[in-house]
Amino acid sequence: MSNVGLSMQQSPSPGKQPKHPKKKKGRSGAAVFFSVLIIVVLVGAVAVGGLWAFSKFQAAQPAEDYPGPGSGEVVIEVTEGETLTDIGATLQKADVVASTQAFAEAAALNNDATSITPGTYVMLQQMKASDAVKRLLDPESSNSNTVTVVEGMRVKQVIALLSEASGIPAKEFEKVVESPSKLPLPSWAKGTGSARAEGFLFPATYQFDKSSTPEDMLNQMVAKFNEVADEMNFVDRSKKTGYTPYEVLNIASLIQAEAHQDDFNKVSRVIYNRLDPDTWGETYGYLGLDATLNYALDQFETNISESDLELNSPYNTRTEKHQGLPPTPINNPGVDAMEAALKPDKGTWLYYATVNLDTGETKFTDNYDEFLRFQQELRDWEAANPQ
C-alpha cells in the first residue's frame, strides 16, 4: 500500500504539466544591455580618439604654400566687409596663393593685416602667402587712385584734384569738360565751356583704376550725379518749386557756398524770397551774394572790395545790373544742399548774416535795419577775436 501511495504521489495529476524552475529574465536582459552599452562606448571612444588624432595630424601638417616670389600680374578686388579668410579665398581662386589656410596663417602673424582696405590690387600669381599679405598692405600695389571730392568744390578744383591723384595733366581733363558730348550730362544741363559741367561732378569718394582716362573719371562722377538725382526724384520735385531742374541745381550751389548745413533750408528760403516779386518788391531778383562774385573773381575770400563790386559779370549778383540767378551753378553741391533747394523752410526772411565765425551762428530777418545790426554784431565779434 505504501508503495502504491508513493507511486501515486510521484505521478503527475492528469492534465497538468510538470513544473520547471523559472528563469530570471530581468537580470539576464540588464546584463545584455550593459554589455552592448560598454561596446558602444568603447567604439565611440575609439572613433573620437581617431578623429582627434587625425585632426592633430592634419593640424601638424603645414598649409600648402608657394615658395614665391611669383610671376605674372593679376588684378584682384577686396570688397567692403570681407574677412581675411574671404580675401584668402579670392587670392586662392586667382592662384595668387596656394591655399586660403596659408594666407590666413600669414595674416594672423602680421599685426597690420587687419588694415587691408577695399579696392583693387595688382598681385603676382603663385606668391608666398606672407608676401601676398605684405603686398596688399603696400599702397604701390593698389590698382586704384582714391579721390574724395567734397561738397562745394568747383570744377576747376576737382580737375586739380584728379590731376594730382592720377598724374595726368589738368589740360587733359579740361578738354573733356569743354566737350559736352564726352560727358553723360542730363538733357536739361546748360552752360558753355567748362562751366557746363559745374554742378554735375557729384561730391563723393571715388576709386579710379590707374588705367582710367580723364574721360573715364569725369564720366563716373557725372554718372554718380545722375544716380543720386534719380534716387531723389530731383527733376519731378524741382518742377513743383516753380523752377526748372537746372535753376534748382543752381540754387543748391548757392546754398552750398553761402550757408552752414544747419542753415541750408533757411538760406534756401531767402534766395527764393529774393527771386519772388511778391516778397522782394520792385528789386526782386537782386540776390546780392558774395559767393557768386567770388566765383567770377576766381577766389574764395569773403572780403569784397569796392572795385570788385564794379565787375561786369553775369555772376556779379552784388549789383542790380545782373538780377536773377547766375548763368550756371557756381560749384558742385551735395545732396543736403540739393534737398534744401527742393524744400526750403517757410518764412519771410530776406537777409541773413553770420555773427560768429567760430560757431557759424547766423541770424535771419526780413528787416533791413535789423540786418545792419547783425552786421555790426559781426564787426564787434571780429574786433574781439582778431585772427
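Which side chains meet in a salt bridge at 4.0 Å, N to O? I looked this up and found Asp65 and Lys128. I took a salt bridge to be a side-chain nitrogen of Lys or Arg within 4 Å of a carboxyl oxygen of Asp or Glu.

I noted that the model is predicted, that local features need pLDDT of at least 70 and side-chain atom pairs pLDDT 80 or more, while totals for chains, interfaces and linings use all residues. I also noted that residues are numbered from 1 along each chain as its sequence is written, and that side-chain values use heavy atoms, leaving out hydrogens and water.

I then located Asp65 in the loop between helix H2 (25-60) and strand S1 (71-78), and Lys128 in the loop between strand S2 (119-125) and helix H5 (129-137), 63 residues apart. Helices (H or I, at least four residues) and strands (E, at least two) are DSSP runs, numbered from the N terminus. Asp65 is partly exposed at 32% relative accessibility, and Lys128 is partly exposed at 33%. Here buried means under 20% relative accessible area, exposed over 50%, and partly exposed in between, with a 1.4 Å probe and protein chains only.

Next I examined Arg318 and Asp290, whose closest N and O atoms are 2.6 Å apart in a salt bridge. Arg318 lies in the loop between helix H13 (290-297) and helix H14 (335-342) and Asp290 in helix H13, so the pair ties together parts 28 residues apart in sequence.

I recorded a further salt bridge between Glu377 and Lys363, at 3.1 Å. Glu377 belongs to helix H15 (residues 368-384) and Lys363 to strand S6 (residues 361-365).

My count came to 7 salt bridges.
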